[in-house]
Structures are given as C-alpha cells and as structure tokens.
Amino acid sequence: MEGISNFKTPCKLSEKKKSVLCSTPTINIPASPFMQKLGFGTGVNVYLMKRSPRGLSYSPWAVKKINPICNDHYRSVYQKRLMDEAKILKSLHHPNIVGYRAFTEASDGSLCLAMEYGGEKSLNDLIEERYKASRDPFPAAIILKVALNMARGLKYLHQEKKLLHGDIKSSNVVIKGDFETIKICDVGVSLPLDENMTAPAFITILLVSVTDPEACYIGTEPWKPKEALEENGVITDKADIFAFGLTLWEMMTLSIPHVNLSNDDDDDDDDDEGPLLIWTRNCNGIMHQKRQLTRSFLYATTEHPQDSSFCSHIVEAWKPDV
C-alpha cells in the first residue's frame, strides 16, 4: 500500500507547451552529455547536435536547453522564454537570422529548441580572440560586412515582422568560417511593434513603438539605450539600432561598451585621443569605409531617437561597397 500512497499522477503539459510540441514531428535529441557544448546564455546552454540518420550525413543543428542547475522559479521563467522563442523563430525566414528546426523534448525529458547551426563561434568569441592575440581592430571591410548583414536581419524584423529583437549584442551574432555567413540569433525576448513613421531631413527612419504596454524590455546592460534605463522610457525600434551601433563599437575597439578593458599604462596617450580616433588610425581599410562606419556608429547611438540611423538606409547605401 505504501507504493500506492506515494504514487503521483504525471503532470499534464500546459496547453501552450502542448500546442508547440504537437506541431513538431518526433525527433530524437540526445541528452546533454552526448552533445558538444557550443556556448551558454542566461539560464540556457547551447549544444551541437550532429545528425547522421541511417548513415546519411545531414547538416548539424544547434540545440538550446535550460541549464539544469536553475532552481524551479528560474526554470519556469526560462522555459516560458524558450517556448516564446520557438514560436517566434518558427515564423521567421531570413538568411541573416538563425532558422528554426524543431521544438521538442530530449531523451532526458528536457525541453529543447533545435535551430540552424549558424556557425562555430559568436562575434563576441572572435572579438575576445582578436583582443588576446593582437589587439588590432578588425579591418573596416569586415566590420562593414557584419554591419550590412545585421542591418538586413534587423530591417526584416522591424519592417516585415514588426518585431523588436530586444537583445542585440555581439554574443547574439553567430559567424560561420571566415565571416562566410553572419546571422542574428536569440529572439527569445523579442517584443511586438506598432507603426509610427517619421522622416528627418537627412534620412528616412521608421520609429516603431512596442504595442504591449505591459511588455518588458530585457536587453543587456552595456548595450541598453537611455530610454531603457529611464522609469517611463518609451521603447521603440531605436533600442535595437542603438545596440547595433554598440556592436560596431565592439568590433572597432575590441571592448565591451561603456567598460574600459585596458588598464595598461602604455595606453594612456592613446586613451586621450579617444577610441574612435585610435580605431581610424590603426584600422586596416580605405578611408571612405572608415568614415561610413564612424558616421553610422554616431547616428545609431545618438541620444535622440529621431536622429538614429535606420537599417534600410545602411542596406541600400552600403550594398556596392560590401
């Protein structure tokens, strides 16, 4: 009788979880120890899943799972975020955004979001490696290529899908090979946008406000715009544009925005010149490319939303140069 008294009815899946899982065919995803760990994020780990069913060689997937050390409260938060990301990602189809593959349970019972394998490393990984190896900034042509591909992805999110990414930074850009492909990832904190148009004299800009007044902008502290730090700040697509500009800054300076990573006494003279002047002097590239990047960084990170650089302008203006 003791066994019967200790018996518990298995918990039912929530309707939301059930609807997401039911739309995905059964897929055998191994338990975490049997996959190579690619990286991690807030409350999640990302693994490489190699696929060779029936002896065939298929392209690998990146699999995102909740970190097993999370307590019950945070596990619930991150599980909801993972389900939201699966739903959003499934609706997105763009070459500069990591693609959806499946949302299912692994053999160990954990929820998994399977995605296109966007590349071996994040842009942040490459920035850190370059800083340790030489401290030389990326060539202007490479930064332009990254900026153009990111701008294409953001233009798609903002204009076609009416979504704010909500956490743009170098860690959420994945790179394959020698910058062969560049893709934005991690749409789990995206927010829906409405449409409000404005057009300053020098450039046509789309300013879009978040539609849900209860929606919470997440972001990451060093990449947050001023309005995200204010109590009643209005969040628009400018939040992504500002973070996009700071991602260019990361490649220019090899440092996290608003954080001085260099404490070397030898660098004191350089610091007096300002990071952008140092980058312009040391960067390998033709002058007009450097000017394009500097100007775009300044437009994107200006304090006033109406003066921000809009991604469609970058896509059109830079197309011949990259």
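Predicted model: local features only at pLDDT ≥ 70, side-chain atom pairs only at ≥ 80, totals over all residues.
Let me open with one side chain: is histidine 158 buried or exposed? Histidine 158 counts as buried, at 0% relative accessibility, where buried means under 20% relative accessible area, exposed means over 50%, and partly exposed is in between, computed with a 1.4 Å probe on protein chains only.

Residues are numbered from 1 along each chain as its sequence is written, and side-chain values use heavy atoms, with hydrogens and water left out.

Now the overall picture. The protein has 322 residues, of which buried residues make up 50%, and its secondary structure comes to 11 helices and 12 strands; these are DSSP runs numbered from the N terminus, with helices being H or I of at least four residues and strands being E of at least two. If we take contacts, meaning heavy atoms within 4.5 Å, between residues at least 6 apart in sequence, then 64% of them join residues at least 24 apart.

Five strands form an open sheet in the order 1-2-3-5-4, with antiparallel pairing, and two strands are said to pair if DSSP finds at least two bridges between them. The edge strands here are strand 1, at 36-41, and strand 4, at 100-105, each of which pairs on one side only. Neighbouring strands of this sheet are turned by 25° against each other on average, with direction ignored. Inside the sheet, strand 2 (residues 44-51) and strand 3 (residues 58-66) run antiparallel and are joined by seven bridges, and tyrosine 47 has valine 63 in strand 3 as its bridge partner. Helix 3, residues 72-90, lies across strand 3, strand 4 and strand 5 (111-116), and runs at about 35° to strand 5; axes are lines fitted to C-alpha atoms, for helices over the stretch in contact, and angles run from 0 to 180 degrees between N-to-C directions.

Another open sheet has three strands in the order 6-8-9, again with antiparallel pairing. Its edge strands are strand 6 (121-122) and strand 9 (181-184), each pairing on one side only. Strand 6 is joined by two bridges to strand 8, residues 173-176, and the two run antiparallel; serine 122 stands opposite valine 174 in strand 8. Helix 5, residues 140-160, packs on this sheet, where it touches strand 8 and strand 9, and its direction makes about 40° with that of strand 9.

Helix 5 is also where we find histidine 158, whose side chain makes a polar contact with the side chain of aspartate 240 at 2.9 Å. A polar contact is a pair of N or O atoms within 3.5 Å; within protein, one must be able to donate a hydrogen and the other to accept it, and residues adjacent in sequence count only if both atoms are side-chain atoms. Aspartate 240 is also among the residues touched by histidine 165, which sits in the loop between strand 7 (163-164) and strand 8. Histidine 165 counts as buried at 0% relative accessibility, and its side chain reaches the backbone oxygen of cysteine 185 at 2.9 Å.

What about the interior? The largest nonpolar core has 64 residues, and Leu92 and Phe179 are those with the most contacts inside it; such a core is a set of buried Ala, Val, Leu, Ile, Met, Phe, Trp, Tyr and Cys residues joined through side-chain atoms within 4.5 Å. Helix 5 gives the largest share of this core, 11 residues. Domain 1 (35-116) and domain 2 (121-260 + 271-318) both contribute residues, so the core lies between them, with domain bounds taken from an automatic or database domain assignment. A second, separate core has nine residues, including Met35, Met49, Val63 and Ala102.

Finally, phenylalanine 179 deserves a word on its backbone. Most residues other than glycine have a negative phi. Phenylalanine 179, which is not a glycine, has a positive phi of about 60°; it lies in the loop between strand 8 and strand 9 and is buried, with a relative accessible area of 7%. Arginine 135 likewise has a positive phi, of about 65°, but counts as partly exposed at 40% relative accessibility, in the loop between helix 4 (123-133) and helix 5.

Terms used:
Lists of a residue's contacts leave out its neighbours within four places in sequence.
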